[in-house]
Amino acid sequence: MTSHDRPTTDADAAPDASADPMPVPPDQGAQGAADGRQVTEAALFEAFGGVRGMVETVVPGLLFVTIFTVNKDLHISAIAALAVSLVLAAVRLVRRDTVKHAFSGVFGVAFGVVFAMMTGNAKDFYLPGMLYTLGLSLAYMLTTLAGVPLIGLILGPVFKENLSWRTRNPGRKKAYAKASWAWGLILFAKCAILFPLYWWADTTQLGWILIALKIPPFLLAVYLTWVFLAKAPPPIDVFAEMEAKEKAEQEAEERRRGEREVLDRVADDLYQGMAAEAAEEAADERPRRARHRR
């Protein structure tokens, strides 16, 4: 992200005090805004997994509901969903990619399989994910009410600003609050649709509707987050500040070390000069003492 310096005039160098300041390139503001949007997009993709993360989230559930729709076999459907989750995680491990999204999918599917196997009800395969969505929705809204919006806690490290937005960047805190409200309300609306279906619909109906509601609400929340943050002030890079502070401290220490070395050399020169003068005085004193003894 770029910062724009206020145009100034050099009154001392220019005889005409009314001269116009240096003009700002017309595309500089647009370029700065574009850079901000690109950084925001990259951060959102990193935080939420991008297209691949969405695929890894959808595929296990899609496989489960597809197999169950065909043969109504809970065990085969559950094992297939868990197996494909493990394969997706293994592919990330082999390629040395970020595995947090794949493993979160594995754990989600594993909990669903355990629930469904324990109760014998195929609809319970979806219950842990639905409860997680409801809890996440409440977390977004409650943390925003508490003044610490959850989306800021998630994206702060990605933007290298950590929690500096809480006290040093009020415009950015406001954007995080808006984004957290968007996430909370969108996920809550999704739960308002799914939970009644959990009680009234059969497994296949619930599964296909859940799959249909998997990506669109997520994309809407990500888009609104991008809109709010793209218009917000740029993040404060606390890591860069820490590095600059450490560098300044190192430079100050080097200057102090250099000053000590200079002082030591001056003191050594003074000492050697005083020693040489003392030696010369002693050498001059010896003949005078010898003549005095005679």
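Biologist: Why is T225 counted as buried?

Modeller: In this predicted model, T225 has a relative accessibility of 0%, and since buried means under 20% relative accessible area, T225 counts as buried. The residue belongs to helix 10, which spans residues 216-230.

Biologist: What makes the pair T225 and W183 a polar contact?

Modeller: The side chains of T225 and W183 are joined at 2.8 Å, and a polar contact requires a pair of N or O atoms within 3.5 Å, so the pair meets the distance cut-off.

Biologist: Why is helix 8 called roughly antiparallel to helix 10?

Modeller: The axes of helix 8 and helix 10 cross at roughly 165° and come within 9 Å. Angles over 145 degrees count as roughly antiparallel, and that makes helix 8 roughly antiparallel to helix 10. The crossing of these two helices, helix 8 and helix 10, is right-handed.

Biologist: And what makes helix 5 roughly antiparallel to helix 8?

Modeller: Helix 5, residues 127-145, packs against helix 8, residues 170-200, at an angle of about 150°, with the axes 8 Å apart. With the cut-off for roughly antiparallel set at over 145 degrees, that angle makes helix 5 roughly antiparallel to helix 8. The crossing in which helix 5 passes helix 8 is left-handed, and the contact of helix 5 with helix 8 comprises, by class, 18 nonpolar, 5 polar and 1 charged residues.

Biologist: Why are K160 and N162 counted as partly exposed?

Modeller: Partly exposed covers the range between the buried cut-off, under 20%, and the exposed cut-off, over 50%. K160, at 44% relative accessibility, therefore counts as partly exposed, and N162, at 30%, therefore counts as partly exposed as well. K160 lies in the loop between helix 6 (150-155) and helix 7 (164-167), and N162 lies in the loop between helix 6 and helix 7 too.

Biologist: What is the phi of K160, and what is that of N162?

Modeller: K160 is a residue other than glycine with a positive phi near 65°, while N162, which is not a glycine either, has a positive phi of about 50°.

Terms used:
Residues numbered from 1 in each chain as written. Predicted model: local features only at pLDDT ≥ 70, side-chain atom pairs only at ≥ 80, totals over all residues. Heavy atoms only, no water. Axes fitted to C-alpha atoms, helices over the stretch in contact; angles between N-to-C directions. Helix = DSSP H or I, 4+ residues; strand = E, 2+ residues; numbered from the N terminus. Parallel < 35°, antiparallel > 145°, perpendicular 65-115°, else oblique. Left-handed = near helix turned anticlockwise from the far one by under 90°. Nonpolar A, V, L, I, M, F, W, Y, C, P; charged D, E, K, R; others polar. Buried < 20%, exposed > 50% of the residue type's maximum accessible area, 1.4 Å probe, protein only. Polar contact = N/O pair within 3.5 Å; in protein donor to acceptor, adjacent residues only side chain to side chain.
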